[in-house]
Amino acid sequence: MAVTISSANLQPNMSHGAVGVKVAQLAKDQQKIEGDIALQLINAAVPETAPAPVGNTGHNINTTA
C-alpha cells in the first residue's frame, strides 16, 4: 500500500506556506480541545463538600467518660 501526497490541490498551497499555517491552526485547535477535556476531568475529580451540620447535633462533647 502506497501513500502519495502529490495531489493537484496540495501543490499550489505548499508554495505559499498555507499548508504549514493550516497544520499549526489544527494543532492549536487540538491542544485547546485536549485542554478543555483535562479541565473537565479535574473538575469532575474535585470532591463535593459535605453540607453544614444543622442544629446542635455533634457539638456536645461528653468529657466524663
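This report describes a predicted model of one protein chain.

## Basis

In this predicted model, local features need pLDDT of at least 70 and side-chain atom pairs count only at pLDDT 80 or more, while totals for chains, interfaces and linings use all residues. Residues are numbered from 1 along each chain as its sequence is written, and side-chain values use heavy atoms, with hydrogens and water left out.

## Overall build

The protein chain has two helices and zero strands. Helices (H or I, at least four residues) and strands (E, at least two) are DSSP runs, numbered from the N terminus.

The chain holds 65 residues, and 0% of them count as buried. Buried means under 20% relative accessible area, exposed over 50%, and partly exposed in between (1.4 Å probe, protein chains only). The accessible surface is about 6400 Å². Carbon and sulfur atoms make up 61% of that surface.

## The salt bridge

The whole structure has one salt bridge (a side-chain nitrogen of Lys or Arg within 4 Å of a carboxyl oxygen of Asp or Glu). D36 and K32 form a salt bridge through their side chains, at 3.3 Å from N to O. Both residues lie in helix α2, four residues apart, about one turn of the helix. D36 is partly exposed, at 34% relative accessibility. K32 is exposed, at 53%.

## An exposed leucine

L41 sits in helix α2, which covers residues 18–45. L41 is exposed, with a relative accessible area of 59%.

Notes: Accessible areas come from the Shrake-Rupley method with a 1.4 Å probe; for residues, only the protein chains shown count as cover.
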